[in-house]
Amino acid sequence: MTPRAAVVCGLGSWLPPRAVTNDELARELDTSDDWIRTRTGIGARHILDDGLATSDLAVEAGARALKSASDIAVDAVVLATATPDHPLPATAPRVAARLGLGPVPAFDVAAVCTGFLYGLATAAGFIAAGSADSVLVIGADAFSRILDPADRSTRAIFGDGAGAVVLRAGRPDEPGALGPVRLGSDGSADHLIQVPSGGSRDPLRPATAGQGDPYFRMAGQAVFRHAVESMAESSEQALHDAGWTVKDVDLLVAHQANVRIMHALADWMGLDRERCAIHLDRVGNTSAASVPLALADAVASGTLRPGHRVLMTAFGGGLTWGACTLRWPAVEAY
Ligand code: ACO
């Protein structure tokens, strides 16, 4: 019997309307457009208005992905996020309810910037096992909520946004079928990307107000090296699974963390830099939303067309990483 593959049949994305340019940031922090562009490739990022939360981003992107999938009934919702609305419960059930999806299983996946690929792997597993015929996978993050207002090194990089795909059961040889998702982690380096306080190790309590560190921290240079190595390794595994070589890749959709990381990855793999999808110049690093947002942008610009061979890869806190291939299907992005 042919195994059930997970096939992409819908794509949606959403960015909060408020864009903050580098020059605007430089009015508030000791930084400059030149520093941010030269070191990261980022020109602007979108920031969620006060009063809104990650579920608002996720609902917008999820609704668009469902429309792109001709409103197919989905059997499960997987939400990749590191910035849930609340520490508890998960945000996915609220998103499923607001989308009117009924009592479907809905849960969050926490793998920071690799979350979307972990979400795809989880959904593909549901489909392969016969637990679901179709799954909505959303990557949504509102990093603006966890950044230290005084930290120029993180505020320059991160932005808010959401992207989503609908996966349905199909054949492994169909356009849109995901190849095996190659994932990895190294918890011995978890300190490199962390929100130090507010979890069970160092709870934030009224009695200890003013102590602890509730903000996102990242050791940028150490992360840079890990990012290139682990994305290259998992990408090579994913290409091997698909029977492709690097020459077969039409578009590399890598986590949009830093244009220098993407170029270093392309150089390492022997891939033409022109084949890197670049979206971070307008949105920065949107964590779990990064890969689906870059896919949607590439479809909208005509860079990604049906039949193209796509390699997706990401890296993030945990540390975590992953990669996966697919041949792009004929779907409209909303
Ligand atoms: N403007 C001006 N100066 C700055 C800024 C800024 N926005 N940010 C940092 N600097 C300064 C630092 O303070 C430091 O100054 P010092 O030498 O006086 O101490 C100097 O620039 C150099 O700092 P570095 O951190 O060494 O700068 P680097 O060139 O490494 O760039 C960056 C920093 C952009 C963060 C880079 O290291 C990077 O992209 N790392 C990878 C991040 C990544 O891939 N993350 C993915 C996962 S994220 C996730 O999972 C949520």
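A: A polar contact here is a pair of N or O atoms within 3.5 Å; within protein, one atom must be able to donate a hydrogen and the other to accept it, and residues adjacent in sequence count only if both atoms are side-chain atoms. By that rule, 18 residue pairs are in polar contact across the interface of domain 1 and domain 2, with both residues of each pair at pLDDT 80 or more. The model is a predicted one.

The domain assignment places domain 1 at 5-170 and domain 2 at 182-327. Their C-alpha centres are 14 Å apart. Domain 1 brings 43 residues to the contact, and domain 2 brings 42 residues.

The area buried between domain 1 and domain 2 comes to about 3100 Å², and carbon and sulfur atoms give 67% of it. Within the area that domain 1 buries against domain 2, Cys 113, Leu 117 and Tyr 118 supply 19%, more than any other three residues.

Turning to charged pairs, two salt bridges are counted between domain 1 and domain 2. A salt bridge also joins the side chains of Asp 148 and Arg 217, at 3.1 Å from N to O.

On the side of domain 1 that touches domain 2, at least two residues come from each of strand 1 (5-14), helix 2 (33-40), strand 3 (44-46), helix 5 (115-129), strand 6 (134-142) and strand 7 (160-170). The residues of this side of domain 1 comprise 24 nonpolar, 13 polar and six charged.

Definitions and conventions:
Residues numbered from 1 in each chain as written. Predicted model: local features only at pLDDT ≥ 70, side-chain atom pairs only at ≥ 80, totals over all residues. Heavy atoms only, no water. Domains from an automatic or database assignment. Contact = heavy atoms within 4.5 Å. Buried area = accessible area lost by both parts, 1.4 Å probe. Salt bridge = Lys/Arg side-chain N within 4 Å of Asp/Glu carboxyl O. Helix = DSSP H or I, 4+ residues; strand = E, 2+ residues; numbered from the N terminus. Nonpolar A, V, L, I, M, F, W, Y, C, P; charged D, E, K, R; others polar.
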